[in-house]
Every structure is written in C-alpha cells, then in structure tokens.
Amino acid sequence: MTLPDHYAVFGDPIKHSKSPRIHKIFAEQTGQTLEYKAQEVPAEQFSEAVAAFFANGGKGLNCTIPLKELAWAYADVKTERAGMAKAVNTLALQPDGSLLGDNTDGIGLVTDLMSNHGVTLAGSRILILGAGGASRGIIAPLLEQSVQAIVIANRTLDKAINLAAEFQHQGVVTGCGFSDLKNQSFDLIINATSTSLSGQLPPLPEAILAKNGVCYDLAYSNEPTVFVKWGQENQALKSLDGLGMLVEQAAEAFFIWRGIRPKTRPVIELLSAERKL
Ligand code: ATR
C-alpha cells in the first residue's frame, strides 16, 4: 500500500479554509494518494512550523494570510511570478531538498476570468482597488494578457504610485487616489482591498464601470460581498467573487506538486451550489 504524501495550508485564521476540501476532491478525481490538512500558524511561529512540517516528511504547503510574505522570504528558490508578487502561496519540496516558492494567485484569477467566465482581457482597461499584497500579486499576470492599461487606486496615494512604478516597465500601469477616478471608465474593476471583509466599500464615482463591464472581488463569502452587490447595482455584465480564483490557484498548486492538472469546473460548481443552499 502506498502511504499518502502530506500537504497542508498554513494561515491565521484558517478554520474556514476550503482548501483541504478542494485538494481532497482533486486527489480523488486524479487518483492521487495524498493528505491535505489546515493548520493554524501565527506569523511568529511560521519558520518553526514550516521547518517541522518538512522535517516530518511534508511535500508541499500553501500559505495564506498573513503568511505569504514570510513564505516568500523563507523559500530557497522562487519562480519569477513569485518574485514579482513578493509573496508566496505555494511551497514545494524539490528533489534536492530545497524549497521552491511560487505564487499561483494571479494565474488563478486570470484563468477564472478568461476560461471560466469568458472575459476578454486583451485590450481592456482595468481598475484595481487597493495597493496591498493582494494587488501586487495580480498585476504582472494581468499585464501578460496584453491589457490596454491598469490603474491602481488606493486610499493612501503613495502606495498606489509606488506599486504602479514597480510594474511600469511591463505595461501601462498608473497609480492614483479614489478622488482621481472621476470621468474615467473601466472594462474590469477588481476589488483587492481588504474592505469586503469589513463590509465597507471604497468611494467609487458613478459611471466608472463601462457598459458590459465586469466586477471581480478577490474575496469570497457565502453571501455576496459588498463589492459584488455594488457591481450588481451598477449593471455589471458579471459581478463575481473570488471563489473561482480560489479553486484555480489550488489547481495550479496541485499541478506544481503532482504534475497533474485537475478539473476545476466541477469543484467550482459544487462549492457554488453549496453556498446557495
Ligand atoms: P492585502 O495583503 O490583503 O492586500 P494589505 O497589504 O493590508 O492587505 O492591503 C489592504 C488594502 O486595502 C490597502 O490597499 C488598503 O488601503 P491603504 O493602503 O490606504 O491602507 C485597503 N483598505 C483597507 N481598508 C480600507 C478602507 N476602509 N477603505 C479603502 N481602502 C482600504
């Protein structure tokens, strides 16, 4: 009998994580023998917990809030996309014993938008709300899709300008404050602030969403987030939350670890159906 390989997600809080469920379904679907657990790890205990996990035979880890930057610093080697994101959500043990750090969040978002929802990114004007870690992780993968321009709007203006400056060599990226958004419109507005979790919304001028524009909240919840509701009220063609991105980033991590790409659609459909119950 083959003993299962061990994987886990570390975060704080982690109780409500859907990742163990998602990876269990992926494993069943692809016939892989593995275990995947959720472990609450406060930031102060991160290094110790990661070292113990791999010393005990662990093969790969996902890291979520507030550990992604710590995982980035911990990884021995990083992929280019993780380097740009300055955050790692996937650690993979390599044959030589080193730890590879990758970031699958951005590709998870792009795959969800393009493959699952048929959104055309090429040539589009994109507004990203927020200039924290969540925003940083998605900018390069969006630029790779030949978008026309990305505007980053943030409450703290300096952070938006500095973040935009880091990506300017890759495409048209500018930073501004929310009050600078008047008289502009966007094909896609992505909420990457942490406001959905607190039930608040950044101030957005009327008509900022272009006709047939799409809204996407990186956060997800069993109820529509405040930003998803805003999109619905503002006639978005689609107003989506981050459930699909969550499943897609997990599929990419699964591929890094196991070399097999699981089917995501049935998992997204299952999790979506459950929250409608
Ligand atoms: P994350 O890693 O999830 O991006 P973060 O780095 O703390 O978290 O960034 C949170 C983002 O949400 C920031 O852009 C923050 O704006 P500031 O840079 O001005 O702090 C934004 N944010 C949080 N609360 C907000 C609020 N009430 N209104 C507008 N933006 C808010």
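N212 is placed in strand β11, which covers residues 209-217. In this predicted model, the phi angle of N212 is near 65°, a positive value in a residue that is not glycine.

## Two cis peptide bonds

The backbone has a cis peptide bond between D12 and P13, for which omega is about 5°. P13 belongs to the loop that runs between strand β1 (5-11) and helix α1 (19-30).

A cis peptide bond also leads from I65 to P66, and its omega is near 5°. Here the proline, P66, is found in the loop between strand β3 (58-63) and helix α3 (68-74).

## Division into domains

The protein is divided into domain 1, made up of 5-103 + 244-274, and domain 2, made up of 106-112 + 119-241. Between the C-alpha centres of domain 1 and domain 2 the separation is 25 Å.

## The interface between the domains

Contact between the two domains involves 14 residues of domain 1 and 18 residues of domain 2. The size of an interface is often expressed as the accessible area that is lost when the parts come together. For domain 1 and domain 2, the area buried between them is about 1,200 Å², and 63% of it lies on carbon and sulfur atoms. On the side of domain 1, the residues that lose the most area to domain 2 are M84, M245 and E248, which together account for 46% of what that side buries.

Which polar and charged pairs cross from domain 1 to domain 2? The rule finds one salt bridge across this interface, and one residue pair in polar contact, with both residues at pLDDT 80 or more. K86 and E166 form a salt bridge in which the closest N and O atoms are 3.7 Å apart.

Helix α4 (80-85) and helix α10 (243-258) each supply at least two residues of the side of domain 1 that touches domain 2. Of the elements on that side, α10 gives the most, with six residues. Sorted by class, the side of domain 1 that touches domain 2 holds five nonpolar, three polar and six charged residues.

## Surroundings of the ligand

There are 13 residues around the ligand, and those that come nearest are A131, N154, R155, T156 and K159. For A131, a polar backbone atom is 2.9 Å from an oxygen atom of the ligand.

A polar backbone atom of A134 is likewise 2.9 Å from an oxygen atom of the ligand.

How values were computed:
Residues numbered from 1 in each chain as written. Predicted model: local features only at pLDDT ≥ 70, side-chain atom pairs only at ≥ 80, totals over all residues. Heavy atoms only, no water. Domains from an automatic or database assignment. Contact = heavy atoms within 4.5 Å. Buried area = accessible area lost by both parts, 1.4 Å probe. Salt bridge = Lys/Arg side-chain N within 4 Å of Asp/Glu carboxyl O. Polar contact = N/O pair within 3.5 Å; in protein donor to acceptor, adjacent residues only side chain to side chain. Helix = DSSP H or I, 4+ residues; strand = E, 2+ residues; numbered from the N terminus. Nonpolar A, V, L, I, M, F, W, Y, C, P; charged D, E, K, R; others polar. Near = heavy atom within 4 Å.
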